[in-house]
Amino acid sequence: MTYIDPSYVTAMATVVLFLIIFIGVNLYLFFRRSTAPPMLELTLGTWPNYAEATRQDPQAASSDCCSICLADYDNEEEGEDNPVRILPICGHVFHVRCVDTWLQQHPNCPVCRSRVMHR
Ligand SMILES: [Zn+2]
Ligand SMILES: [Zn+2]
């Protein structure tokens with residue numbers, strides 16, 4: 001008959017309990033993430049206005065109007081907040097409000113059709 005230290009049993013029970021909670025939380029986060037709207041992945045590459053976007057990402061300077069609403073970025077007031085989004089794969093630039101409406105119906109860039117959404 002082996003003697004088991006009761007404090008050892010308590011410690012093991014605590015470790016097992018923590019493991020179960022840890023795995024449970026991770027599973028919850030994993031499933032919650034997989035059902036989250038894919039738009040969240042596009043928050044990168046969003047700038048308060050076009051001037052700021054070209055300062056931070058020279059690739060954005062290749063276009064001078066939004067291809068969806070055809071508004072010229074240069075006509076916008078200096079310092080005015082008109083958020084733009086740079087698509088992660090092709091680098092095309094659009095207004096956030098224009099491209100978000102588009103991306104709700106299409107998984108790709110409205111200009112070059114490169115895939116931006118993981119759907
Ligand atoms: Zn636009
Ligand atoms: Zn594109």
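Select Val-84 to begin: setting aside residues up to four places away in sequence, Val-84 touches Trp-47, Asn-49, Tyr-50, Ala-53, Val-93, Phe-94, His-95 and Val-96, where contact means that the C-beta atoms, placed from the backbone, lie within 7 Å. What you have open is a predicted model, in which local features need pLDDT of at least 70 and side-chain atom pairs count only at pLDDT 80 or more, while totals for chains, interfaces and linings use all residues. Residues are numbered from 1 along each chain as its sequence is written, and chains are lettered from A and ligands numbered from 1 in the order in which they are written.

Next, colour the largest nonpolar core, which has 15 residues, with Ala-53, Val-84, Ile-86, Val-93 and Phe-94 having the most contacts inside it. Such a core is a set of buried Ala, Val, Leu, Ile, Met, Phe, Trp, Tyr and Cys residues joined through C-beta atoms within 7 Å; a residue is buried if 20 or more other C-beta atoms lie within 10 Å of its own, exposed if 12 or fewer, and partly exposed in between. Helix 2 (50-56), strand 2, strand 3 and helix 3 each supply at least two residues of this core; helices (H or I, at least four residues) and strands (E, at least two) are DSSP runs, numbered from the N terminus.

Now show the open sheet, whose 3 strands have the order 1-2-3 with antiparallel pairing, two strands being paired if DSSP finds at least two bridges between them. Strand 1 (46-47) and strand 3 (93-95) are at the edges, each with a single partner strand, so one side of each has no neighbour in the sheet. Strand 1 pairs with strand 2 (residues 84-86) over 2 bridges in the antiparallel sense, and Thr-46 can be found opposite Arg-85. Helix 3 (residues 96-105) packs on this sheet, touching strand 1, strand 2 and strand 3.

On helix 2, pick Glu-52, which is partly exposed, with 15 other C-beta atoms within 10 Å. Glu-52 and Pro-83, 31 residues apart in sequence, are 9.4 Å apart from C-alpha to C-alpha.

Then move to Ile-89, in the loop between strand 2 and strand 3, which counts as exposed because it has 11 C-beta neighbours inside 10 Å. Leaving aside neighbours within four places in sequence, Ile-89 is in contact with Ser-114, Arg-115 and Val-116.

Finish at residues 6-31, where an unreviewed UniProt entry places the feature "transmembrane region", an annotation that may be inferred rather than shown by experiment. This span is 100% helix and 0% strand, and its end C-alpha atoms lie 38 Å apart.

Notes
Two residues are in contact if their C-beta atoms, placed from the backbone, lie within 7 Å. Axes are lines fitted to C-alpha atoms, for helices over the stretch in contact, and angles run from 0 to 180 degrees between N-to-C directions.
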